[in-house]
Amino acid sequence: MTRSGKKYDSASIDESSREAPIEEIETVTLDLDSEPYFERALLADCYRGATDSDDCEGHTLTDDRSPPSHQDVVVKEVPRPAASFTKKNGRAKDQVHSKARRRAQERRKAREFPKLPPKYRPHLAILRLCSAINHTFSDLCSEDLPAAAGGWVGKRPVVSQDSTVVIEELKSRGFSSLRWNGIKPHMISDRKRRIMVALAGKPTDADWDDLIDEASNLLTTARELALATRVFKASEMSHRRGRFFQLPTGVSFGGGSTRPGNLAHTVGEQNVLKKLLAHRSIKRIVGFQHASFALYAPKLYEHYRKTLARLYEHEPHLQPNFPSISPFPAMTFNLGPSTATVEHADFGNVAHGWCAITALGNYDPDKEGHLILYDLKLIITFPPGSTVLIPSAVFRHGNTQLVAPNSYRQSITQYCAGGLFRWVRYGFRTGKDLAALDPSGKMKKDADGDLQTKTQEALSLFSTLDSLADDRAKILRSS
């Protein structure tokens, strides 16, 4: 690794991270070419079965034109008419049926949501906190990052399911440690200085740590309530990402549906989600993730904003969690108690997109809960209350396990299913429908684009260390 063009070992990186002033952005540039990773990903099969079911990994979607299951639906109550039913006079019976039809029409109207304008934009005053950039170097070849054919989703990687990751063992395999204090922004770029990972830090607000404690207690209460009321089953604790309870919500694509939809939930899950989504601490965390996304990947952020605005305009039944403060259509509450993921990649997400992760809980970040980026061979200290953004569809990632007996850890993530972008690019239809419309395959080929061109287009959405200031000025100031 190098920092600002000079050789640094892990210890010197740790020291420089502690000494940097809050106004500076620390960056790590790895001597790693990202391009082959993306190129391999683009070669994989673009579809997840007939209806892209793997995009939401087994979660079902609500029916077409139905509201998101976690939101209250206000239905105007219509008094039931008092009518007599007689064989002699069928008019009274017809009158009841007519009123019933009107009630059904009013219920349908109540379920219709207004179109969602792309309101979200971060306040530009935050730019003054990010005026200077220092960096450390990586040998990442971004074009090599794995994505499926067409570049819409990531490629399912072959990973280890070992949950007992030991830092010493990783270091013996050539991994380096990066001691990050979780406050100062710290960028990780590839060989061509593209910012691939943003360690965004946390706001300087005096109440932020208290707010993080509130959010952590909220998730703990939600998990305990869900277990007590049998909303969660013990068997649901184990899944491909590890052993902890999780609850996703928002807009996705797949699950047997032939069009995008809102993730469906049981009545019990709806009650849990209502409390989580309405809480001020969750909204503050979501807002910071949004601002960080826009600040460190402004071109990618604008790509999300425009693509999803088209999606919501065409599909007004879709209801993202926070349309006014976040561009991400979906999020997951990782409720713990020990949210430490095994090595994995979120292959259903947009291949060239970012996933925002905020850590919560009470643990010693120097000893446990580290963020591991396997393709970059980095072990990063990840303190509670801090936020990172990574291309989770193509970078294999995970966490070190909690070791202290009283430690607990949760996280809040926001992301976008790759199938949503594919749906828009295919003219608001599935790949099968597109193939049926044009058996020659030309329309699909044009939509997917040439592999090399598609790879370069995707990577061009990531700002470089040199272009970040200009990208911000061009995109964020244009609103």
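How much space lies in the largest cavity? About 40 Å³, and a search of the whole structure turns up one cavity of 30 Å³ or more. This is a predicted model, in which local features need pLDDT of at least 70 and side-chain atom pairs count only at pLDDT 80 or more, while totals for chains, interfaces and linings use all residues. Residues are numbered from 1 along each chain as its sequence is written, and side-chain values use heavy atoms, with hydrogens and water left out.

**The cavity**

- A cavity here is a set of points on a 1 Å grid over the protein atoms alone where a 1.4 Å probe fits but cannot get out, and lining residues have an atom within 4 Å of a point.
- Grid points are joined across faces, edges and corners, and the volume is the space filled by probe spheres set on the points.
- Lining the largest cavity are Tyr304, Asn349, Val350, Gly353, Trp354, Cys355, Ser392, Ala393, Tyr415 and Cys416.
- Sorted by class, that lining has seven nonpolar, three polar and no charged residues (nonpolar is Ala, Val, Leu, Ile, Met, Phe, Trp, Tyr, Cys and Pro; charged is Asp, Glu, Lys and Arg; the others, Gly among them, are polar).

**Aromatic pairs**

- The structure holds 12 aromatic pairs (rings of Phe, Tyr and Trp, the last by its six-membered ring, with centres within 6.5 Å; planes under 30 degrees apart are stacked, over 60 edge-to-face, the rest tilted).
- Take Phe293 and Tyr304: their ring centres sit 5.0 Å apart with planes at 85 degrees, so the pair is edge-to-face.
- Phe293 belongs to helix α7 (residues 280-296) and Tyr304 to helix α8, so this pair ties together parts 11 residues apart in sequence (helices are DSSP runs of H or I, at least four residues, and strands are runs of E, at least two, numbered from the N terminus).
- Tyr304 also pairs edge-to-face with Phe421, at 5.2 Å centre to centre and 70 degrees between the planes.
- Tyr304 is buried at a relative accessible area of 1%, and Phe421 counts as buried at 3% relative accessibility (buried is under 20% relative accessible area, exposed over 50%, partly exposed in between, with a 1.4 Å probe and protein chains only).
- Ring pairs join Phe293, Tyr301, Tyr304, Phe328, Trp354, Phe421 and Phe462 into a cluster.

- 13 of the 17 residues of α7 are buried, so the helix is largely enclosed by the rest of the structure.
- At 1.5 Å a residue, the 17 residues of α7 should span 24 Å, and its end C-alpha atoms are 25 Å apart, which agrees (the expected span is 1.5 Å times one less than the number of residues).
- Over in helix α9 sits Arg422, which counts as buried at 1% relative accessibility.
- The C-alpha atoms of Arg422 and Ala447 are separated by 8.8 Å, with the two residues 25 apart along the chain.

**Salt bridges**

- The whole structure has 17 salt bridges (a side-chain nitrogen of Lys or Arg within 4 Å of a carboxyl oxygen of Asp or Glu).
- Glu35 and Arg194 meet in one of them at 3.4 Å, N to O.
- Glu35 is in helix α2 (residues 35-42) and Arg194 in the loop between β8 (186-189) and β9 (195-201), 159 residues apart.
- Both Glu35 and Arg194 are buried, and they join Asp190 and Lys192 in a network of salt bridges.
- Arg179 and Asp366 form another bridge, at 3.3 Å, N to O.
- Arg179 lies in the loop between β7 (176-178) and β8, and Asp366 in the loop between β15 (355-362) and β16 (371-373), so the pair ties together parts 187 residues apart in sequence.
- Arg179 is partly exposed at 35% relative accessibility, and so is Asp366 at 40%.

- Most residues other than glycine have a negative phi, and most peptide bonds are trans.
- From Gly336 to Pro337 the peptide bond is cis, with omega near 10 degrees.
- Pro337 is in the loop between β14 (330-336) and β15.
- Arg193 has a positive phi, near 70 degrees, without being a glycine, and is found in the loop between β8 and β9.
- Lys377 has a positive phi too, of about 55 degrees, and sits in the loop between β16 and β17 (378-380).

Methods: On a 1 Å grid over the protein atoms alone, a cavity is a set of points where a 1.4 Å probe fits but cannot get out, and a pocket is an open set with protein on both sides within 12 Å along at least five of seven lines; lining residues have an atom within 4 Å of a point.
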